[in-house]
Every structure is written in C-alpha cells, then in structure tokens.
Amino acid sequence: MSHHIVEFEDVHYRYPDGTAALKGLSLRITHGESVGIVGANGSGKSTLLMHTNGFLLPQKGSITIGDLKLNNNTRQEIRKKVGLIFQNPDDQLFMPTVFEDVAFGPLNLGLSPERTRECVKEALETVGCLALAKKPPHHLSGGQKSAVAIAAVIAMQPDILVMDEPASHLDPKSRRALINLLGHFHHTKIIASHDLDLILDICKRCVIIQEGKVVADGPAEELLCNSRLLEENNLELPLSLQKRNLSSGGTMDEITKLRHLLGHWAEHNTEHARTYQDWAKTADSLGRKELAGLLRKIAEETTAMDAHFQKAMELCR
C-alpha cells in the first residue's frame, strides 16, 4: 500500500539561527511498520517528525508520503494521511469540550456533521474516553488528555500515526494503557522517545539518529540491547535491562528515567527559544517593536534555563 510509505532521501534542514538539524538524512518506512526514532538531545528527532506532515519542508533532498512528494502544494493533502501528535497534549486541545476538540479535524477535512459525529464516537470509544465527550479538556487528567489528543488525530483516519514523546506526561498506569492502545493501531506508527522501554514494547524496528543522520537501523530488540552502540550515541540501555540499584536516593531506574526526561526537556527548551526568536523577527517586520522586544526577552530567559537542565543531568549521573 504505497499510501502508507514514508521516504526521506538525503534530507537537509537548517534552522534560521544556523543550527543544522538534518544533514542528509535518508530513511524509508513501509506500510504497517512500527518504528522507534531514538537519539541524544539535538540529534534531529523532533525535526524529522515535523517534516512528516509538512510542518517543516526540506531545504535539500526530498520526502515522499504515499504517492506525493512533500512541498508547499501537497502538504495539505499529506496532512490527511499523517496524524502528528505533539509531546504536550495541551498544545492540541483548545476547544470548550472534548467532543469539539475531536470533531475539529474531521470538520476541517470537509466531513459532514453526521459523519463527523460518527468519527468522533468511534475515536473516543477506541481510546476509552467516550464518557468524557462533554467535559472541558482542562478538567482532564494527564492520561486522559493524552488519550483525547490521540482520539483527535485518529478521528481524521490517518494512514500514518506520528508521535513525539507520547508517554512523557503519563503515570505508570496511563503509560501502560497507551502502550496497549497503540498496539491496536495497525497502520504505520513512527514514535520518537527517550523512553526506550516504550520503544521496545511498541516498535519492531528502531532507528538511531545522531547529528541529523541515521547511524543505525534495525530490529529494536537488537539495537536497544547493544550497550556499546547506545553508549556511542549518548544513550543508555532500556530501564528494563538495567539490574543495578543505587545505594541510596532511590532506584537506578528512577534516576535514569529522570535523566532521560531532563534531556528531552532541554532539547525542547532549545527549540522553544528558537521559535520565540523567529516570532520576534516576524513581530519586528510588522512594526510591533514592543512585542518583538518582549519575545526576545522570553527567548533569552528560556535559553538561560539550558544551564540548569545540564546541571540537573550531571547530578543524575
């Protein structure tokens, strides 16, 4: 089924601040594959994901989704095929009720109100949240928000599901429910995560990214058990494969998990700072000098947080 294929060919992307995020990345994912994307901070994982549905466009090389080459003219059509779920569900839930949030996508695709209602009901039933349809999203728990964000995407019936750190806000019970849910989604799945145990549970295939390129690609069970390969790419064995405990201060599993999360937060902190700088330039070009100045200040204060993240990661060693 060619409409489920994702192919990157020698893709390059550089952010406005000069950071080269993708440096000739090539990757082919076929129908029905579950693929985990892993790598250290700044390796290019999130940038890769944002190219899958045209949120970003390649500056060199090409991306094919199904039968379509990604470009300005095709990205709206490609977004019907690729459902992208962000790390923080609050970034996707903005309507007064859960029902309206899940209905937003199908309505914008041109579905009739009747067909939209059917899609919303099916999607909420799939994630076990039909009883929440009338609730405001801000009244939901973290696990419920994540489930509703997934429902909002699957209601559009995408061929390909793309997720960035889907379990980072979840407690253990909600994380397990998410793993079970994704196990029943039989189309193509692409998941970027620092939670290597989640990748082991969900993905048959794993791709390791380093400095904007693919450095390893193969069965997840093989790659994620290779401690030397993981260490070479600033990664660690999945927690389920680590047997040691700390002498005090909690288990190694807990501290290692925190270190992974800190690394991910630091990576997104840098991306947020770049975004604020970009919007400051936009505000400047529109003559909104005061707004531009405030955005630059926000960017500076965000960047200043990097040192705290690095210090916290060092204390986790």
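Q: Which residue stands opposite Ala20 in β2?
A: Arg14 does. Keep in mind that this is a predicted model.

Q: How many bridges join β1 and β2, and in what sense do they pair?
A: Seven bridges, antiparallel.

Q: And the hairpin, what sits between the strands, and which residue there takes a positive phi?
A: Five residues lie between β1 and β2. Gly18 takes the positive phi, near 100°.

Q: What does β1 do with β4?
A: Strand β1, residues 6–14, pairs with strand β4, residues 60–65. The sense is antiparallel, over five bridges.

Q: Which residues face each other there?
A: His12 has Lys60 of β4 as its bridge partner. Phe8 stands opposite Ile63 in β4.

Q: OK, what's the strand order in the sheet?
A: The order is β2-β1-β4-β5. This is an open sheet of four strands with antiparallel pairing.

Q: Which strands are at the edges, and why does that leave a side without a neighbour?
A: β2 (20–29) and β5 (68–69) are the edge strands. Each has a single partner strand, so one side of each has no neighbour in the sheet.

Q: Switching to helices. What's buried in α3?
A: Helix α3 spans residues 98–108. Its buried residues are Val98, Asp101, Val102, Ala103, Gly105 and Pro106.

Q: What covers them?
A: The cover includes α4 (113–126) and α5 (142–154).

Q: Anything about the backbone; which residue just after α3 takes a positive phi?
A: Gly110, with a phi of about 95°.

Q: What does Ile208 touch, leaving out residues up to four places away in sequence?
A: The list is Val38, Lys213, Val214, Val215, Ala216, Leu223, Leu229, Leu230, Asn233 and Leu235.

Q: Where's Arg117, and how far is it from Val102?
A: Arg117 is in helix α4. Its C-alpha is 9.4 Å from that of Val102.

Q: What is the relative accessible area of Arg117, and how is the residue classed?
A: The value is 45%, so Arg117 counts as partly exposed.

Q: Now α11 and α12. How do their axes sit?
A: Helix α11 covers residues 289–304 and helix α12 covers 306–315. The axes come within 4 Å and cross at roughly 15°.

Q: Why are they described as roughly parallel?
A: Angles under 35 degrees count as roughly parallel, and α11 and α12 therefore qualify.

Q: Which residues meet there?
A: Thr302, Thr303 and Ala304 from α11 meet Asp306, Ala307 and His308 from α12.

Q: Last one, what's the average confidence?
A: The chain averages a pLDDT of 86, and 92% of the residues score at least 70.

Q: Where does the pLDDT fall below 50?
A: Over residues 244–252. Beyond near neighbours in sequence, that stretch has eight contacts in the model.

How values were computed. Residues numbered from 1 in each chain as written. Predicted model: local features only at pLDDT ≥ 70, side-chain atom pairs only at ≥ 80, totals over all residues. Heavy atoms only, no water. Pairing = 2+ DSSP bridges. Helix = DSSP H or I, 4+ residues; strand = E, 2+ residues; numbered from the N terminus. Buried < 20%, exposed > 50% of the residue type's maximum accessible area, 1.4 Å probe, protein only. Contact = heavy atoms within 4.5 Å. pLDDT = per-residue confidence, 0-100. Axes fitted to C-alpha atoms, helices over the stretch in contact; angles between N-to-C directions. Parallel < 35°, antiparallel > 145°, perpendicular 65-115°, else oblique.
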